[in-house]
Amino acid sequence: MNSHHSLELALKDILLVVNPTHDDWNKRFQIINDLQAVVQTLEILRGATVEPFGSFVSNLFTKWGDLDVSVELPNGSYISAAGKKYKQTLLLDILKALKRKGGFHGIKCISHARVPILKCDSNKDNISCDISINNLSGQMKSKVLFWINEIDGRFRDMVLLVKEWAKAHGINDPKSGTLNSYSLSLLIIFHFQTCTPAILPPLSEIYPGNVVADLTGIRAVAEKNIEDMCGMNINRIKSDRSRRINRSSLAELFVSFLAKFRDISLRASTQGISPYNGQWEDINTNMIWQPKTYALFIEDPFEQPMNCARAVGHLNLVKIAQAFESSHGMLASAYQNHHPLAVLVRPEVLSIISRSQFGNPLRIHPQLHVGNGNGNGRGLIGDHPQSFRNSSNNGSNQHQNRDGGGSRAPTHVQQQYMHQTNRVNPRHVQMFPNGVNESNGRPSSSQTQLQQIWRPRSEK
């Protein structure tokens with residue numbers, strides 16, 4: 001089996017494991033309903049709604065993703081604004097209410113963050129939740145990422161694969177000074193923009209403005225203006241018959257992604273990445289307003305000139321560059337002395353793949369050693385996924401087969417979800433409980449009408 005074919009099979013097997021099932025979605029729906037019930041107990045938050053964003057809305061979630069929600073304050077039909085101190089006060093009130101109600105643990109307020117958040121984990125499934133106040137900008141960014149996937153579905157697959165690879169190498173943890181998942185998604189957008197031929201256009205061709213800056217005034221009007229502009233441009237891009245088609249496989253795209261950024265530590269010191277324009281830019285002009293020089297500058301295309309990689313330090317930038325370089329060297333080699341899964345996934349994920357019910361076609365030995373993200377090669381396959389944060393499984397092993405039937409992956413592994421909201425009433429959040437294609441985590445035909453809610457409105 002040649003290295004390219006082996007890598008392609010490995011990538012597809014990873015997607016089968018990390019994609020969510022119907023049950024994964026329902027767990028997240030229930031958490032949002034639980035949080036809404038808590039918010040409703042607070043007089044100061046009467047009329048507020050709990051609305052999801054992040055990977056939940058963009059459909060770029062994996063089984064180990066957090067659930068991001070925003071408590072949107074009532075302000076009539078206008079977009080609500082609240083100062084940082086007031087947000088901190090409200091989060092402390094929610095913290096106290098969560099402790100009174102129960103059902104969550106690990107509750108703590110991160111008030112010093114640029115965007116104050118309340119962190120908690122659900123008792124039942126150990127799903128991590130980040131709660132913020134009035135994060136409409138996060139919701140809109142998530143929707144635009146969802147729409148971008150309509151141009152080419154390989155974008156979503158690459159995001160899921162790169163997230164898992166980055167976790168396996170310990171470079172997807174902003175708390176420790178490495179890349180957050182949003183930055184990884186932007187790197188993939190940039191990669192798709194600079195492939196030959198390009199898969200995605202510069203984001204300025206989808207929305208020629210600053211999304212966050214344009215979220216002012218009447219909420220429904222501001223959102224519709226952004227949705228209509230994105231919808232019109234995405235339709236134009238998709239219908240452009242003169243547009244050259246890139247037919248690269250996932251394996252080719254993944255290896256070229258690693259190659260493109262393996263020298264990131266050398267270039268990032270003088271240049272930054274701009275998915276908005278789809279090019280490397282001299283960051284000197286963009287950095288004048290910054291109080292310090294960042295190790296890595298990835299411009300947020302929807303909130304310019306914000307640096308979404310500001311948490312990355314100089315030492316961790318070297319670690320990130322080494323992960324790109326070493327992984328590319330191992331996967332691009334024509335003479336691989338190891339299976340590609342040893343480079344691509346964490347031990348716990350490889351354990352699920354190797355013990356799965358789809359026949360172990362790659363003949364992965366269940367005791368295969370892979371790196372744990374620290375470069376020391378430790379990590380025995382068969383170890384409990386994610387340190388088995390939920391011990392209520394009683395040691396049972398449940399897996400998912402290729403058809404999405406049968407039993408699920410271990411219940412103690414953090415599950416994922418997908419969600420869409422019904423904005424017939426802009427102040428009401430409604431979850432959909434049914435209709436997921438469990439084999440690939442994408443909406444089934446029964447979700448067609450609901451999915452229109454997230455589509456740019458000009459497509460309706």
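**A walk through the helices and loops**

Proline 197 sits in the loop between helix 7 and helix 8 (219–239). Helices (DSSP runs of H or I, at least four residues) and strands (DSSP runs of E, at least two) are numbered from the N terminus. A cis peptide bond joins threonine 196 to proline 197, with omega at about -5°.

The model is predicted, so local features need pLDDT of at least 70 and side-chain atom pairs count only at pLDDT 80 or more, while totals for chains, interfaces and linings use all residues. Residues are numbered from 1 along each chain as its sequence is written, and side-chain values use heavy atoms, with hydrogens and water left out.

Which residues does it join? Glutamine 304 and proline 305 are the pair, and omega is about 0°. Proline 305 lies in the loop between strand 7 (279–282) and helix 11 (314–332). Most residues other than glycine have a negative phi, and most peptide bonds are trans.

Asparagine 59 has a phi near 65°, a positive value in a residue other than glycine. Its loop runs between helix 3 (55–58) and strand 2 (67–72). Is asparagine 59 buried or exposed? Asparagine 59 is buried, at a relative accessible area of 5%. Buried means under 20% relative accessible area, exposed means over 50%, and partly exposed is in between (1.4 Å probe, protein chains only). Asparagine 134 also has a positive phi, about 50°, although it is not a glycine. This residue lies in the loop between strand 5 (128–133) and helix 5 (136–148). Asparagine 134 is buried too, with a relative accessible area of 13%.

Step back to the whole chain. The protein chain has 14 helices and nine strands. It holds 460 residues, and 56% of them count as buried. Its accessible surface is about 19000 Å². Carbon and sulfur atoms account for 51% of that surface. Accessible areas come from the Shrake-Rupley method with a 1.4 Å probe, and for residues only the protein chains shown count as cover. Contact means heavy atoms within 4.5 Å. Take the contacts in the chain with a separation of 6 or more: 70% of them are between residues 24 or more positions apart.

Next, look at how helices pack. Two packed helices are described by the angle between their axes and the distance between the axes. Axes are lines fitted to C-alpha atoms, for helices over the stretch in contact, and angles run from 0 to 180 degrees between N-to-C directions.

Start with helix 2 (residues 22–40) and helix 4 (residues 84–101). They pack at an angle of about 110°, and their axes are 9 Å apart. That makes helix 2 roughly perpendicular to helix 4. Angles under 35 degrees count as roughly parallel, over 145 as roughly antiparallel, 65 to 115 as roughly perpendicular and the rest as oblique. The crossing of helix 2 and helix 4 is right-handed. A crossing is right-handed if the near helix is turned clockwise from the far one by less than a right angle, and left-handed if anticlockwise. Which residues of the two helices meet? Asp34, Leu35 and Val38 of helix 2 touch Ala97, Leu98 and Lys101 of helix 4. Four of the contact residues are nonpolar, none is polar and two are charged. Ala, Val, Leu, Ile, Met, Phe, Trp, Tyr, Cys and Pro count as nonpolar, Asp, Glu, Lys and Arg as charged, and the others, Gly among them, as polar.

Helix 7 (residues 181–193) and helix 9 (residues 250–261) form another pair. Their axes come within 10 Å and cross at roughly 100°. Helix 7 and helix 9 are therefore roughly perpendicular to each other. On helix 7, the meeting residues are Leu187, Ile188, Phe190, His191 and Phe192. On helix 9, they are Leu253, Ser256, Phe257, Lys260 and Phe261. This contact has seven nonpolar residues, two polar and one charged.

Stay with phenylalanine 190 in helix 7. At 1% relative accessibility, phenylalanine 190 is buried. Its C-alpha atom is 8.2 Å from that of proline 202, which is 12 residues away along the chain.

Finish with helix 13 (residues 347–354). How many of its eight residues are buried? Eight of the eight are, so helix 13 is largely enclosed by the rest of the structure. Among them are Pro347, Glu348 and Val349. The buried residues of helix 13 pack against helix 1 (3–18), helix 6 (154–168) and helix 12 (341–344).
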